[in-house]
Amino acid sequence: MNLVLIATVLIVMAMAYQVGLSRSRAVADGGVRLHSRPGYYGVLVALWCGLPALLLFGVWLLLQDAIVEVLVVQQLPAELAALSEREMQVLLRRIGALASGQGVSGEVQAYEVAAAQQMARLESMGRLAMIAAMAVLAVVGLVTAQRRVSPQLRARNQVERVITALLALSSGVAILTTVGIVLSLVGEALHFFRYISPAEFFFGTVWNPRFSTSGVGQQGEFGLLPLLWGTLMVSAIALLVAIPLGLMTAIYMAEYAPPWLRNVAKPIIEVLAGIPTIVYGFFALIVIGPFLSGLGDMLGIGIRATSALTAGLVMGIMIIPFVSSLSDDIITQVPKSLRDGALGLGATKSEMIRQVVLPAALPGIVGAFLLAASRAIGETMIVVLAAGNNPVLHANPFEAISTITVTIVNQLTGDMDFSSPQSLVAFALGLTLFVITLGLNVIALVVVRKYRQQYE
Amino acid sequence: MTVSVTVPTAMNKRAAQAASVKMSARGVKVFYGENEALHGIDLDIMEHEVIAFIGPSGCGKSTFLRCLNRMNDTIAGSRVEGQVTLDGNDIYDPSLDVVLLRAQVGIVFQKPNPFPKSIYENIAYGPRLHGLARRRAELDDIVESSLRRAGLWDEVKDRLNEPGTSLSGGQQQRLCIARTIAVSPEVILMDEPCSALDPIATGKIEQLIDELSESYTIVMVTHNMQQAARVAHKTAFFHLGDLVEVGDTDDIFTNPREQRTHDYITGRFG
């Protein structure tokens with residue numbers, strides 16, 4: 001229904017465009033020179049006609065439900081006013097279901113039926129009113145704009161302004177989303193800290209949240225440290241794998257590989273970044289884990305199939321392309337004059353790379369490492385499958401561990417009750433993770449930017 | 001600041017010496033892919049002479065300069081034919097170590113390109129590569145003497161640990177010359193060494209070139225004909241990939257044999 005409405009508005013806008021176009025041509029036929037080409041007058045008239053109507057449509061959709069709800073609640077029997085907020089929500093949901101013709105469980109009360117009928121009536125009335133208002137706005141806009149078409153009207157500049165606004169609005173959506181996510185994380189995390197003190201959370205060494213169903217009397221223990229430690233251990237192993245391999249790949253690709261090989265190999269390496277992480281996860285679980293475990297048996301050390309090592313190793317392979325393609329770009333940016341300088345003094349190629357190119361590119365390469373690290377810290381699927389989910393503080397990489405991301409998954413799957421710390425802790429964990437990766441990203445960006453300025 | 005350039009005396013002194021051929025090119029052709037950039041160059045470069053290559057942009061003078069220490073090897077798709085010798089030895093011989101060649105035939109580029117390291121490390125880089133100093137004190141000596149010969153010591157002796165990029169453009173270029181001198185080359189190639197510098201810095205470099213010609217053979221490319229006239233003993237005129245004419249600088253500028261040379265130095269084209 002709404003789609004039909006939007007389509008109608010677009011069709012009307014297309015017609016308005018034609019109106020504006022022919023109107024401006026008619027004006028021009030009088031022999032006067034128009035400020036803008038006819039197309040711009042058409043677009044301007046179309047915008048005047050369609051934009052207000054669409055804006056009204058958006059605002060109406062946002063507000064209608066809330067207004068209808070208030071009106072319905074006013075009509076409910078007086079004794080229901082004593083209901084708690086949550087009970088009222090349940091009641092409204094039942095009324096809503098009845099109004100849209102769906103069934104509800106349990107016995108339907110007479111006042112519920114009455115309220116549902118009223119809600120349905122209000123909604124259809126609201127819809128009609130909205131369509132009428134949109135039509136009026138469109139017609140008024142069309143007529144006004146069409147009248148304004150004159151040689152002096154700077155249609156081109158006004159269209160430009162609308163386009164600027166549109167672009168700003170689009171970037172606003174991304175920014176507002178980020179802000180919204182952060183605010184909701186902070187809000188719910190604060191909620192969590194009403195149950196568990198921040199000191200207990202950030203410095204606790206035991207993670208044992210218990211289940212929310214196991215009774216109110218026994219409070220779980222929510223110590224972040226085992227999870228943070230697990231996260232850092234897996235990430236460190238991943239970086240130990242990815243940094244040497246990625247950097248050497250980058251050096252080979254940037255300095256040694258012949259063009260044809262570079263053109264073939266670079267996209268293949270970048271495909272590594274495109275493999276879904278769940279695929280890496282079961283690859284780790286099914287192939288790498290048992291292999292490492294067998295290797296451990298051969299060497300006489302106990303390596304668990306699901307361990308920090310397994311997860312870290314596979315995660316390291318996953319982030320190789322992040323390290324290699326970023327470092328590659330940065331190494332290629334080192335000016336040829338520096339390379340020539342070193343070669344002209346009689347340096348060999350590897351001497352030139354080690355002693356001149358890499359030091360010059362170092363800040364940027366460090367930036368690449370930090371971006372890879374933040375990627376590793378936030379990685380979820382591989383550790384869910386291959387790290388063993390054992391939130392205990394220990395230093396043995398061959399044993400199972402758990403990470404912040406794995407724990408968030410655990411706390412939010414199954415029955416959720418957002419009034420218990422067991423579920424709310426996910427927000428506190430998410431916030432911690434967000435702050436860590438944000439910090440790393442900011443440092444990385446600052447470092448990379450500083451490097452860019454050096455050579456531009 | 002006054003800059004004295006004592007070309008005539010230097011030239012007189014040099015004329016008295018019985019010069020021997022330091023580098024020699026025979027039938028040198030350079031190809032970039034399918035495109036032939038040089039069409040067979042024959043040229044002898046005498047020991048301790050300053051020779052300038054002049055000619056319009058794209059005439060191949062820089063390309064030829066880079067053949068002399070095989071810097072063209074670093075350009076993908078380039079190919080050199082013909083023979084270039086240093087002290088009678090073919091430098092394109094497959095058994096020759098190009099790294100050692102470049103220590104003997106150093107190069108200074110158009111734009112100063114100090115490494116992003118300290119002034120000291122910039123100079124010490126070459127000697128370290130070639131193991132020229134066994135002890136720190138020896139390295140210190142090389143750094144000091146190289147900077148002195150490049151006329152930069154007094155300006156930087158108190159700030160050897162500052163980055164080389166913190167110097168002014170002219171100082172950076174002299175740093176690059178000092179860096180080249182530090183590996184004790186026999187020939188120094190200079191690819192338009194003053195084109196990015198102001199007149200005062202240019203004057204200093206020209207004076208330096210004159211002093212350096214006491215100990216080194218210097219081959220320079222320049223767009224500035226006055227510069228060639230001021231510092232070079234010999235001048236070679238390149239045009240469209242050919243070596244048109246080479247001779248004593250005075251002859252080239254006052255009495256050229258070829259019409260094309262005459263047209264170029266009088267500004268008819270270029």
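**A walk through chains A and B**

Hello everyone, let's start with one stretch: residues 165–185 of chain A are 100% helix and 0% strand, with the end C-alpha atoms 30 Å apart. Helices here are DSSP runs of H or I with at least four residues, strands are runs of E with at least two, and both are numbered from the N terminus. This is a predicted model, where local features need pLDDT of at least 70, side-chain atom pairs count only at pLDDT 80 or more, and totals for chains, interfaces and linings use all residues. Residues are numbered from 1 along each chain as its sequence is written, while chains are lettered from A and ligands numbered from 1 in the order in which they are written.

Now a neighbour in the record. Residues 128–145 of chain A are also 100% helix and 0% strand, and their end C-alpha atoms sit 26 Å apart. An unreviewed UniProt entry lists several stretches of chain A as "transmembrane region", including 128–145 and 165–185. UniProt positions follow the numbering used here, feature names are shortened, and annotations may be inferred rather than shown by experiment.

Stepping back, chain A is divided into domain 1 (2–153) and domain 2 (221–455), with bounds from an automatic or database domain assignment. Their C-alpha centres lie 49 Å apart.

Let's look at some helix pairs. In chain A, the axes of H1 (residues 2–29) and H4 (residues 110–148) come within 10 Å and cross at roughly 15 degrees. That makes H1(A) roughly parallel to H4(A). Axes are lines fitted to C-alpha atoms, for helices over the stretch in contact, and angles run from 0 to 180 degrees between N-to-C directions. Under 35 degrees counts as roughly parallel, over 145 as roughly antiparallel, 65 to 115 as roughly perpendicular, and the rest as oblique. The crossing of H1(A) and H4(A) is right-handed; that word applies if the near helix is turned clockwise from the far one by less than a right angle, and left-handed if anticlockwise.

Which residues of H1(A) and H4(A) make the contact? Among them are A:Val12, A:Ala16 and A:Arg23 of H1(A), with A:Leu142 and A:Gln146 of H4(A). Residues are in contact if their C-beta atoms, placed from the backbone, lie within 7 Å. By class, the contact of H1(A) with H4(A) has six nonpolar, two polar and one charged residues. Nonpolar covers Ala, Val, Leu, Ile, Met, Phe, Trp, Tyr, Cys and Pro; charged covers Asp, Glu, Lys and Arg; the others, Gly among them, are polar.

How do the two chains touch? The contact takes 14 residues from chain A and 20 from chain B. On the chain A side, H11 (336–344) and H12 (349–378) are the elements giving two or more residues, and H11(A) supplies the largest share, six residues. That side of chain A has seven nonpolar, five polar and two charged residues.

Finally, within chain B, H4 (residues 119–129) and H7 (residues 169–181) pack at about 30 degrees with axes 7 Å apart. H4(B) and H7(B) also cross in a right-handed way.

Key: Contact = placed C-beta atoms within 7 Å.
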